[in-house]
Structures are given as structure tokens and as C-alpha cells.
Amino acid sequence: MAIYTILGEQSVLCEKKINEILEQHQIESFDVISYDMKEATIQEALFDLQTVAFLSNRKAILVKNPLFLTGKDSKGELNHDLEKFMAFLEHPISDNILIIYAPYDKLDERKKVVKLLKKQSEFFTFETYSETTLIQWAQKKLKEEGIEFDPRAVELLVKFTHAKLDLMYQELDKIFLYFLDDATSKYLSVDLIHLLVPRQLEDNIFLLTDALMQQKVKDAYLIYQDLLTQNEEPFKILIMIANQFRLMSQVIQLSRQGYREAEVAKTLNVHPYRVKLIHGQSHRFELDLIQSYLYQLAQIDYKIKTGLLKKELALEMFILNLKSRY
């Protein structure tokens, strides 16, 4: 029997590998049955795995989000019978295909089930790449397409995609399509990146929190209004700002304790690029001010939930009440 484990946070590469496996075994999409371990148990997937495929020689069982393979807190998870899973791995008897898709950076190597899975399955790992590696990769792809570029444009592409390979794949495809017109000069500039690659919501939240930290009322207000014109929910924006301030506070405190960027990212379980952005600006951030903002936002959250304040006005009032540094 064929068992595969796909590990990594790079969903584009992971899904590509899954499709390659399905093609290799000549399994059509209608013979692929997915089980999300947040909604179904591993024993349900195993039962299906050992039943005969309908109108086909074989089928594939795709198990997604197996949190029980990691060291993360599984409180509130379904009751997965790992003993039954390990018993199956020790004696896998089925004509069907099992694919375990773990969208995480790593598994808990101390767990017996993980050791057994690594022994009994074909393992593929798609790791998160460094910013430098992604820049080099993007430059290589552009050269392959005969596109010249401003190095600053490639750096901006990485920044706008938060150094995530998945997003970079999508945005590079758009860039390649743009240059398909023979009349178009094949030169990727900073201006073109601004034109073709949209800012992620997280980028605008970072700009907004940065303006708040510098008490630049006009900048903060304009960014907030721009988010509203993009139909972003005011309460969602408030929560994201609070989360960003909380992360900033944690990064600053850990950095002061001597933690390096990579260690901070691992400790807080966040993408290294987010830590890099905050760390690069941390000299301008005042910890007392961040904690003051967190307290004020908590008060606003309470007033919204108790009906004392309308969510549409809450954050606007918070911004306009700041003391401007203009």
C-alpha cells in the first residue's frame, strides 16, 4: 500500500505534490475523499480507506490538518484513536492510497505515531524559505521569462507577499501575464509592483499601527478610511490592531531578553518575516505606549460588546483623540 506524508506551510507546493501523487497513481478527482481532522476523526478516515472504491480500482484518502502529529495544544480536538492509527501503519493493508497533509512547519518527533509515520510513509517536506532565498528564487524566475528587473522591485515583491512562497507564485503569474504583450517593455520596476501587486491587509494594519505609535493622526486616519473603502469590517480592524500591538510588545520584550529574530519567531509561533518587520522598527516603539493602547482598545472592545459604543465610530474616535506629532 502507498502512504505519503506532505509537511509544510507552503500550500502551493504541497498541493502540487499531492496532485503529482494522484496523477502517478492515475486517481481522478472524484476518487479523492478528504477528511479534515478538525471535523472528522482519524478512525473515520481509516474505515473509508479500507472500503472498496466505487466504480474504480482504487481511491485516495486525503487526511488534512492532523494537529495530533504536532506539539501544539490539541485541547478541544476530536477524539482521535491514535492506537488504531498506529496499528494500521504497522500493518497497512489496502489497495487504496493514503495521503497525510500536515500544513505545519514541523511535527513532534518525540511522538511514537510520528516516528512510525516517518518510517512507513514516503515523506515530503516543504519548508519556509528565508527572505534572501526568496529574492534569489524570484530573480531566477524572472530571468527565465526574459524579464529584466530593478532589484528593489523584487525586494518589494517579497515584502508585499510577506515572504510567502504561495503568494509569490500567484503574483509572479500575474506579472508574467502582464508581460505577455509583445508591445510591453519587459522591465519590472518598483512602480509596476505597486500597480500589479496589492497590499495585504496585514501590511495596512502594520502601517496603521506604525502611524499610531508615532501619533501621526492624519496618516492613521487616512489608512483607516482606506481600509473602510475596501469593505473591511471596523471591528475586525480593531482586533487586528490589538493583535499587532500585542505582538509588538512580545517581540520587544523578548528582544530585550537577548532573543534573536529566529528565536522570537519560534517562541511566538509567528512567521519570521512579521518579526523582522517589527524588530526593524522596534527602536521607534515605546513599550509603555503600546501597553497604554492595548488597555484603551480593550476598553473600546468592552464598550462595543455592551452596546455603549458603535463599532463604526469607536476606532475613528480612538485615532482622532491621539495627540498629533505633526
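Which domains does the domain assignment of the protein chain give?

**View 1. Three domains in a predicted model.** The assignment, automatic or from a database, gives domain 1 (2–125), domain 2 (136–196) and domain 3 (201–321). The C-alpha centres of domain 1 and domain 3 lie 38 Å apart. The model is predicted: local features need pLDDT of at least 70, side-chain atom pairs count only at pLDDT 80 or more, and totals for chains, interfaces and linings use all residues. Residues are numbered from 1 along each chain as its sequence is written, and side-chain values use heavy atoms, with hydrogens and water left out.

View 2. Five strands form an open sheet in the order 2-3-4-1-5, with parallel pairing. Strands are DSSP runs of E, at least two residues, and helices are runs of H or I, at least four, both numbered from the N terminus. Two strands pair if DSSP finds at least two bridges between them. Strand 2 (32–36) and strand 5 (122–126) stand at the edges; each has a single partner strand, so one side of each lacks a neighbour in the sheet. Five bridges join strand 2 to strand 3 (residues 60–64), and the two run parallel. Ile33 stands opposite Ile61 in strand 3.

View 3. Asn96 lies in the loop between helix 3 (82–90) and strand 4 (97–102). Is Asn96 buried or exposed? Asn96 is buried, at 4% relative accessibility (buried is under 20% relative accessible area, exposed over 50%, partly exposed in between; 1.4 Å probe, protein chains only). The Asn96 side chain reaches the backbone oxygen of Leu49 at 2.7 Å. A polar atom of that Asn96 side chain also lies 3.0 Å from the backbone nitrogen of Lys59.

View 4. Rings of Phe, Tyr and Trp (its six-membered ring) pair if their centres lie within 6.5 Å; planes under 30 degrees apart count as stacked, over 60 as edge-to-face and the rest as tilted. The count by this rule is five aromatic pairs. One of them, Phe245 with Tyr293, is tilted: 5.4 Å centre to centre, 50° between the planes. This pair links distant parts of the chain, with Phe245 in helix 11 (residues 234–256) and Tyr293 in helix 14 (residues 287–305), 48 residues apart. Phe245 is buried at 0% relative accessibility. Tyr293 is buried too, with a relative accessible area of 2%. Ring pairs link Phe245, Tyr293 and Phe318 into a cluster.

Definitions and conventions: Polar contact = N/O pair within 3.5 Å; in protein donor to acceptor, adjacent residues only side chain to side chain.
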